[in-house]
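Please look at the sequence and the structure before reading on.

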Amino acid sequence: MSNLKIERINSYDYQIIGDDVDIQVTSFDLYSTKPIAKIRGTGSRKIRSHVPELLREFLKEEREQKRQLLQDEAKKYCSNPPSISPGKIYLVTVSYGTDGRGYDDDTITSDRFMDYENTKRHLERNQVIHVEEAVIQNTDIFSIGSFIGSGRGELVRKEERFFVLLNGIKLTGLALKEMAQEGFRFFTLFRDNRRLSSIEEEARKFDLGEIRSITGMVGEEKEVAHINMLERFRKEVIRAKAAQP
């Protein structure tokens, strides 16, 4: 089987060529219990039983090549990185990401919003492909991660620039820039790309007391149950709109 050549046609289809062999493999899924949907072409019966292992080895080598190329690119970029400054938020292209199944993947890139310290650490670890200062509008809405199980109940209660919605702890772009200047660390940071009106609609429907009336509140929720999150949200949006760009 060593004289066979494998070529990728698209994401899941492959062509295998060799002595008396010219076949196409359709919909090969490495993680399926039945990885091959269809094999057709010259010599398909001859090598059918070997195809899954051949493609597994091909994908293993392909992934290693991609991983090495990314590592080399990141190492080159990080050897002469751009200047970064404390108090800024950066948009960082990193040499890893999450695949379609939700697993970590170090053969792809992804864009992440990061504070100064996180950006600096990634540069030191040779994990950056590109970095630039993030363009943030005052009325943008960002999330710093989940609320439930975060242990951040006291933080949200005391820091009025935060508001909690169904999918996490939020703040405006204005608050993000202010807090970055103040030295607040953002270990997780995502931009909510929905329209502002959609986020306000979520805020209007968010009522911890009603949501947890049956199951009861967890620790973090008890610490903020008395806070009107819709009022916080609206107050912060008004403040963001009034601020200079």
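In this predicted model, an open sheet is built from three strands in the order E8-E5-E9, with antiparallel pairing. Strand E8 (110-115) and strand E9 (128-133) are the edge strands, since each pairs on one side only. From one strand to the next, the twist averages 25 degrees. Strands of a sheet pair through backbone hydrogen bonds, and the pairing is either parallel or antiparallel.

Within this sheet, strand E5 (residues 89-94) is joined to E8 by six bridges. Ile89 stands opposite Asp115 in E8. Helix H3 (residues 116-124) lies across E5, E8 and E9 and runs at about 125 degrees to E8.

Another antiparallel pair is formed by strand E1 (residues 5-8) and strand E2 (residues 14-18). E1 and E2 form a hairpin, with five residues between them. Ile6 has Ile16 in E2 standing opposite.

| Strand pair | Bridges | Direction |
|---|---|---|
| E1 and E2 | four bridges | antiparallel |
| E5 and E8 | six bridges | antiparallel |

How do helices H5 and H9 cross? The axes of helix H5 (residues 173-181) and helix H9 (residues 229-242) come within 8 Å and cross at roughly 80 degrees. Because of this angle, H5 is roughly perpendicular to H9. On the H5 side, Leu174, Ala175 and Glu178 take part in the contact, and they meet Glu236, Arg239 and Ala240 in H9. By class, the contact of H5 with H9 has three nonpolar residues, three charged residues and no polar ones.

Notes:
Residues are numbered from 1 along each chain as its sequence is written. This is a predicted model: local features need pLDDT of at least 70, side-chain atom pairs count only at pLDDT 80 or more; totals for chains, interfaces and linings use all residues. Side-chain values use heavy atoms; hydrogens and water are left out. Axes are lines fitted to C-alpha atoms, for helices over the stretch in contact, and angles run from 0 to 180 degrees between N-to-C directions. Helices (H or I, at least four residues) and strands (E, at least two) are DSSP runs, numbered from the N terminus. Angles under 35 degrees count as roughly parallel, over 145 as roughly antiparallel, 65 to 115 as roughly perpendicular and the rest as oblique. Contact means heavy atoms within 4.5 Å. Ala, Val, Leu, Ile, Met, Phe, Trp, Tyr, Cys and Pro count as nonpolar, Asp, Glu, Lys and Arg as charged, and the others, Gly among them, as polar. Two strands pair if DSSP finds at least two bridges between them.
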